Amino acid sequence: MTYVGSPVTKATLPGDYDSQLRKIIFDMESVGVRHNDIIYPCSAAAHKHEVMVQNGRLSLIDFGWATIDGQVPCNVSKQLFFHDWEPCPDSKILEVLGNKQTFMAYKNSLRPSGSQSEVPQYTIASDSTILVRGYQQYNLKNHQVTAILVREAKFEWIRKTLMRVRDDINASSLMDIGCSAGLISHLAQEVGYTAVLSLDHDTEYIKMLHKIVVLEKLSSVIRPRVFSFGDTFPSKVDVVVMGALIHWVFTCTANFGRFDSIMDYLMTTGSRVLIIEWVDPADAAIKAFHHNKCGSVPQEPYNESLFQRALLRVGTITDRWALPDRATRILYTVRLDARGNLTADRAIDKSPIDGSNSSRTQTQRSVSMKKTKRRTPTLVHLIHRLPLLWT
């Protein structure tokens, strides 16, 4: 399967999207092909779409409901469509992408940018220690993090893990996705990473971090950058760290809606190791804010079993650590350069890594399959008949 990018967002929608899509639809119609399911539901306020983007090039995916000359493709069924579902005109996607509400990602209404409520700020103490405050709170002096004031156990674990990974794979570059006030970025440079990309969509936090980096004379090591999840990554790195962000980008601030799509996107970093934090639906933050209701409707349930499965599809889980003071937050370490070691059974492991009894039963899995309307027919003859602009 060829990687054709990530779901198109407001930030990644190319300026010529309209002409690209019209050309794709025209080419499909010229050979009698209709996708029938580019958006769902079939309205200008659709919750999901099948348009991907990579380097400004749009592609269509998932031709499970496509038809050739109005016939069932590949004889996959005795009926054209299920009785309670009607095909959607392919041209409807143009209306959806032209709708200003389509890509409305959540932003905190009390701040000019970002999704967090905590305001970033820093002060300099009499002994030259930089006191960083906001969503992350820590003290910094002479390139060293001298105090971690919030979630100390979590960040100390990350510090030790970064040291181990550095030695295991001889890592030197790191990407801190959702860097916030830059604590992980500073821990990375402290333990020996010489090229650190600090990415966040919150312009206030990035501006503050840039000032701190200049004060610490670390501009050659730490490079803060405004970045929206879904944008093309600025460079390849050895290690990617993504803290408590999965519950935001799943549906709320990036609207990926599917764990496999998120992992495919993260794989474009070229990273050999991924350190990623799982935030359980039972977490107090999700219960209070309802992240799964602030964006588009997801394409699959938000649960750890599916999250694990997506991780195992792209690598090998080497560590799973739950925060001692907050068991709903779990840090995973994944070796992305060990994908060849996966077996089929391992890749669809339904049991949690810690062996707890939270996996879905066979009955539940069957119900989930019955609820989906998608089929995956073999469309070899369809693909061979299509021009190049889509997958």
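Trainee: How do you know how confident the predictor is over the protein chain?

Mentor: pLDDT is its confidence in each residue, from 0 to 100. The protein chain averages 80, and 74% of the residues score at least 70. Over residues 340–391, though, pLDDT stays under 50, even with 82 contacts (heavy atoms within 4.5 Å) beyond four places in sequence. Where pLDDT is low, the predicted coordinates should not be read in detail.

Trainee: Why is a space called a cavity?

Mentor: Because, on a 1 Å grid over the protein atoms alone, a 1.4 Å probe fits at its points but cannot get out. By this rule there are two cavities of 30 Å³ or more. The largest cavity has a volume of about 50 Å³, taken as the space filled by probe spheres set on the points.

Trainee: What makes a residue part of the lining of the largest cavity?

Mentor: A lining residue has an atom within 4 Å of a point. Those of the largest cavity include Y135, R151, F155 and R329. By class, its lining has four nonpolar, two polar and three charged residues; Tyr and Phe count as nonpolar and Arg as charged.

Trainee: Why is the crossing of α7 and α9 called right-handed?

Mentor: Because the term applies when the near helix is turned clockwise from the far one by less than a right angle, and the crossing of α7 and α9 is right-handed. Their axes, lines fitted to C-alpha atoms over the stretch in contact, come within 9 Å and cross at roughly 35°. Among the residues that meet are F259 and M263 in α7 and L306 and F307 in α9. This contact divides into eight nonpolar, no polar and three charged residues.

Conventions
Residues are numbered from 1 along each chain as its sequence is written. This is a predicted model: local features need pLDDT of at least 70, side-chain atom pairs count only at pLDDT 80 or more; totals for chains, interfaces and linings use all residues. Side-chain values use heavy atoms; hydrogens and water are left out. On a 1 Å grid over the protein atoms alone, a cavity is a set of points where a 1.4 Å probe fits but cannot get out, and a pocket is an open set with protein on both sides within 12 Å along at least five of seven lines; lining residues have an atom within 4 Å of a point. Axes are lines fitted to C-alpha atoms, for helices over the stretch in contact, and angles run from 0 to 180 degrees between N-to-C directions. Helices (H or I, at least four residues) and strands (E, at least two) are DSSP runs, numbered from the N terminus.
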